[in-house]
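Hi everyone, thanks for coming. I'd like to walk you through one model today, so please have a look at it first.

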Amino acid sequence: MGQPAASRFGTAINCIDGRVQEPVVKWLRERYYLDYVDAITEPGADKVLALGPAEEVARLREKARISIARHGSSVIAVVGHHECAASPGSREAHLAQIRQALHVVRLWGFATTVEGLWVNEAREVEVVEG
Ligand SMILES: [Zn+2]
């Protein structure tokens, strides 16, 4: 019989917005065959990661570190979304911030995959290339 396989975790650094949690969790579970997605939320998370403040970015990094160290998370997703109350910029502005956020998260140096995701007006998940 053997040991049951360990649960597979990912990590989403997402907005607090209740409309975007489920699409991101579903997308990550399907794409990476995950059992669970740890939730790190921050209003306008893509903007914060891209532009700071640095203390907030450090807190987000520490939360991601716990998810990776304790749950063995294999992927970190950085998420921005349509109609963000905390960051009411255009789609193009968000995509630029997501790319910058990807750069920041990759510099954290964790041995995980890093994905940039955009949740569009239809609440569909789109991949943003770094
Ligand atoms: Zn938002």
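**The zinc site and what surrounds it**

Let's begin at the metal: Cys15 (SG), His81 (NE2) and Cys84 (SG) coordinate the zinc ion, at 2.0 to 2.2 Å. Donors here are N, O and S atoms within 2.8 Å of the metal (3.2 Å for Na, K and Ca), and water is not among the atoms, so sites may look incomplete. Before I go on, some housekeeping: this is a predicted model, where local features need pLDDT of at least 70 and side-chain atom pairs count only at pLDDT 80 or more, while totals for chains, interfaces and linings use all residues. Residues are numbered from 1 along each chain as its sequence is written, and side-chain values use heavy atoms, with hydrogens and water left out.

Along the chain, its donors follow the spacing C-x65-H-x2-C. Cysteine 15 sits in the loop between strand E1 (9-14) and helix H1 (21-32), and cysteine 84 in the loop between strand E3 (75-81) and helix H4 (91-107), so the pair ties together parts that are 69 residues apart in sequence. When I say helix or strand, I mean DSSP runs numbered from the N terminus: H or I with at least four residues for helices, E with at least two for strands.

Are these two cysteines buried or exposed? Cysteine 15 and cysteine 84 are both buried. Buried means under 20% relative accessible area, exposed over 50%, and partly exposed in between, using a 1.4 Å probe and protein chains only.

Beyond its neighbours within four places in sequence, histidine 81 is in contact with Cys15, Asp17, Arg19, Val20, His94, Trp118 and Val119. Contact means heavy atoms within 4.5 Å.

**Helix H1**

Now to H1. This helix has 12 residues and reaches 16 Å from its first C-alpha to its last, close to the 16 Å expected at 1.5 Å a residue. That expected span is 1.5 Å times one less than the number of residues.

Which residues of H1 are buried? They are Pro23, Val24, Trp27, Leu28 and Tyr32. These cover an arc of only 125° around the axis, which puts them on the same side of H1; the arc is that of the directions from the helix axis to the C-beta atoms. As a reminder, an α-helix has 3.6 residues a turn, so residues three or four places apart point the same way.

What do the buried residues of H1 pack against? Their partners are E1, strand E2 (36-41), E3, E4 and strand E5 (125-128). On the face turned away from that buried side, H1 carries the exposed residues Glu22 and Lys26.

**Cores**

Next, the nonpolar packing. The largest nonpolar core has 18 residues, and Ile13, Leu49, Leu60, Ile76, Val105 and Trp108 have the most contacts inside it. A nonpolar core is a set of buried Ala, Val, Leu, Ile, Met, Phe, Trp, Tyr and Cys residues joined through side-chain atoms within 4.5 Å. Helix H2 (45-51), helix H3 (54-71), E3 and H4 each supply at least two residues of this core. Apart from it lies another core of 14 residues, including Ala12, Val24, Trp27 and Val79.

Setting aside its neighbours within four places in sequence, valine 105 is in contact with Leu49, Ile76, Val78 and Val114. Valine 104, also in helix H4, touches Leu49 and Val57, not counting residues up to four places away in sequence.

Over in strand E4 (residues 113-119) there is glycine 116. Glycine 116 counts as buried because its relative accessibility is 1%.

**Aromatic pairs**

Last topic: how many aromatic pairs does the structure hold? There are two. Rings of Phe, Tyr and Trp (its six-membered ring) pair if their centres lie within 6.5 Å; planes under 30 degrees apart count as stacked, over 60 as edge-to-face and the rest as tilted.

The structure's aromatic pairs include phenylalanine 9 and tyrosine 36, whose ring centres are 5.3 Å apart with planes at 35°, so this pair is tilted. It links distant parts of the chain, with phenylalanine 9 in strand E1 and tyrosine 36 in strand E2, 27 residues apart. Phenylalanine 9 counts as buried at 13% relative accessibility, while tyrosine 36, at 46%, counts as partly exposed. The rings of tryptophan 108 and phenylalanine 110 have centres 6.2 Å apart and planes at 75°, so that pair is edge-to-face.
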